[in-house]
There are 2 protein chains.
Amino acid sequence: MNHRHLDSGLSDLSSRLLTMAGYVEQALECATASWKTKSRPKIEEVFAIEERVNRTHIEVDAACVKLLALQQPMAADLRFIVSCIKINNDLERMVDLTVNIANHSDVFILETIPLQLGDLAQMSDEVRAMVREVLDAFVKNDENIARKILHRDDKVDAYKRKIVADCVVEMKKDSKGIDALLNVISISRNLERIGDHATNIAEDIIFSVSGLDVRHSSGGAVRTK
Amino acid sequence: MNHRHLDSGLSDLSSRLLTMAGYVEQALECATASWKTKSRPKIEEVFAIEERVNRTHIEVDAACVKLLALQQPMAADLRFIVSCIKINNDLERMVDLTVNIANHSDVFILETIPLQLGDLAQMSDEVRAMVREVLDAFVKNDENIARKILHRDDKVDAYKRKIVADCVVEMKKDSKGIDALLNVISISRNLERIGDHATNIAEDIIFSVSGLDVRHSSGGAVRTK
């Protein structure tokens with residue numbers, strides 16, 4: 001009986017976290033569309049999603065504490081719940097970062113940006129792909145998919161460095177563009193941090209599935225039984 | 001017997017987390033000194049502290065999972081452990097941010113910054129005070145001290161806005177200072193984020209002590225029993 005309660009609790013937790021992850025994907029899509037299509041309604045949509053995320057954030061944490069208290073899970077089940085607590089936090093921060101992007105997108109509606117934004121669009125695609133993949137790894141409980149995400153971060157960081165360098169060149173050419181370009185830099189920084197959180201989630205999935213703590217390691221790992 | 005094991009486990013966990021928090025304070029002090037005194041050894045010190053933090057980060061998490069598995073804690077003890085998992089993550093990210101500050105401090109050694117840095121110094125003092133206070137709230141398990149921290153964030157945000165605005169004015173005056181000033185902006189952003197994490201920790205302490213989830217609320221709170 002107890003075991004059946006734990007199973008249904010874990011599957012409920014999993015589906016709540018997937019809802020949360022779905023919101024993150026949606027928010028990121030809207031935030032990207034907001035600057036790409038210069039759309040104020042898309043900015044508003046990000047704010048509306050954030051409210052739903054904040055509610056789900058609290059619900060997921062409460063569900064985790066309840067499962068730990070009432071079901072006293074062991075081994076893989078316990079690791080799964082601990083990972084959910086961390087993943088929940090990462091997802092919530094990711095949405096905060098999309099809100100930052102939405103806020104910076106205002107400038108694209110109001111001003112002409114003195115820079116081609118192809119790199120920013122590609123960076124955004126790359127980060128959204130990371131988010132989709134990490135979600136896939138979570139749904140399938142798949143360590144191998146999660147491991148592949150750990151290395152995608154380098155590509156995102158390279159985009160950011162290039163975008164910042166290009167912005168600086170333009171700023172030096174004409175000081176009138178400085179305000180607008182600072183917003184471009186900020187968007188790229190926020191995208192980079194969303195990528196960092198996707199990497200954190202991948203590490204948590206690996207821990208949940210295998211008991212291996214791969215954080216801060218280059219190859220090696222610490223096992224928690 | 002079991003109860004005695006739990007108590008000693010909790011006190012061990014608490015002291016490990018305090019060690020971790022001590023590192024954060026130390027790293028922030030070194031990072032601030034690195035740009036204030038143009039000191040490369042201080043930059044190196046931050047990197048050395050980060051390595052110790054990374055090890056402690058993994059140890060604290062492993063200790064939390066072990067306590068949950070072997071002692072099956074309830075109520076306040078359970079909330080304390082769940083809070084420690086989150087606080088541990090926040091502390092680790094705070095040190096990552098001090099590493100960013102240390103990296104940006106290089107420019108202070110190499111170049112003259114075309115801006116008085118009094119505001120950045122005051123912002124840094126304010127953030128360090130937040131970190132010390134949140135540590136105090138944790139040691140004393142004191143909800144009231146934690147609640148006071150929730151509002152200090154506004155002051156930090158105001159400093160950041162002023163520093164960014166001043167940097168933009170200088171950038172427009174003379175494009176030669178742009179690279180250096182972008183580093184000043186980055187340092188202020190990293191300080192702001194350290195303040196955000198201190199706020200997160202304060203919220204976790206309130207949850208641990210009272211069972212109240214005050215995140216995303218303005219006054220109200222959700223109770224988890």
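1. Confidence. In this predicted model, chain A averages a pLDDT of 93, and 96% of the residues score at least 70. For the complex, the predictor gives an ipTM of 0.92 together with a pTM of 0.94.

2. Overall build of chain A. Chain A contains 7 helices and 2 strands, and when read from the N terminus its elements follow the order α-α-α-α-α-α-α-β-β. The C-alpha trace of chain A spans about 70 × 40 × 20 Å along its principal axes. Of the 225 residues of this chain, 44% count as buried. Where contacts in chain A join residues at least 6 apart in sequence, 77% of them join residues at least 24 apart.

3. Relation between the two copies.

4. The interface. Contact between the chains involves 27 residues of chain A and 28 residues of chain B. On the side of chain A that touches chain B, at least two residues each come from helix 2 (40-71), helix 3 (75-110), helix 6 (153-173) and helix 7 (178-210) of chain A. Helix 2 of chain A gives the largest share of this side, with 8 residues. Sorted by class, the side of chain A that touches chain B has 13 nonpolar, 7 polar and 7 charged residues.

5. Helices 3 and 7 of chain A. The axes of helix 3 and helix 7 of chain A come within 9 Å and cross at roughly 170 degrees. Because an angle over 145 degrees counts as roughly antiparallel, helix 3 of chain A is roughly antiparallel to helix 7 of chain A. The contact of these two helices has 12 nonpolar, 9 polar and 6 charged residues.

6. Helices 6 and 7 of chain B. How do helix 6 and helix 7 of chain B run relative to each other? Their axes, for helix 6 (residues 153-173) and helix 7 (residues 178-210) of chain B, come within 10 Å and cross at roughly 170 degrees, and the two helices are therefore roughly antiparallel to each other. Among the residues that meet, helix 6 of chain B contributes B:Val156, B:Ile163, B:Cys167 and B:Met171, while helix 7 of chain B contributes, among others, B:Leu181, B:Ile185, B:Arg189 and B:Glu192. By class, the contact of helix 6 of chain B with helix 7 of chain B has 9 nonpolar, 3 polar and 7 charged residues.

7. Two loop residues with positive phi. Although A:Asn141 is not a glycine, it has a positive phi of about 55 degrees. A:Asn141 lies in the loop between helix 4 (118-140) and helix 5 (143-149) of chain A, and it is partly exposed, with 14 other C-beta atoms within 10 Å. B:Gln72, likewise not a glycine, has a positive phi of about 40 degrees. B:Gln72 is found in the loop between helix 2 (40-71) and helix 3 (75-110) of chain B, and B:Gln72 is partly exposed, with 17 other C-beta atoms within 10 Å.

Definitions and conventions:
Residues are numbered from 1 along each chain as its sequence is written. Chains are lettered from A and ligands numbered from 1 in the order in which they are written. This is a predicted model: local features need pLDDT of at least 70, side-chain atom pairs count only at pLDDT 80 or more; totals for chains, interfaces and linings use all residues. Axes are lines fitted to C-alpha atoms, for helices over the stretch in contact, and angles run from 0 to 180 degrees between N-to-C directions. Helices (H or I, at least four residues) and strands (E, at least two) are DSSP runs, numbered from the N terminus. Angles under 35 degrees count as roughly parallel, over 145 as roughly antiparallel, 65 to 115 as roughly perpendicular and the rest as oblique. Two residues are in contact if their C-beta atoms, placed from the backbone, lie within 7 Å. Ala, Val, Leu, Ile, Met, Phe, Trp, Tyr, Cys and Pro count as nonpolar, Asp, Glu, Lys and Arg as charged, and the others, Gly among them, as polar. pLDDT is the predictor's confidence in each residue, from 0 to 100. A residue is buried if 20 or more other C-beta atoms lie within 10 Å of its own, exposed if 12 or fewer, and partly exposed in between; C-beta atoms are placed from the backbone.
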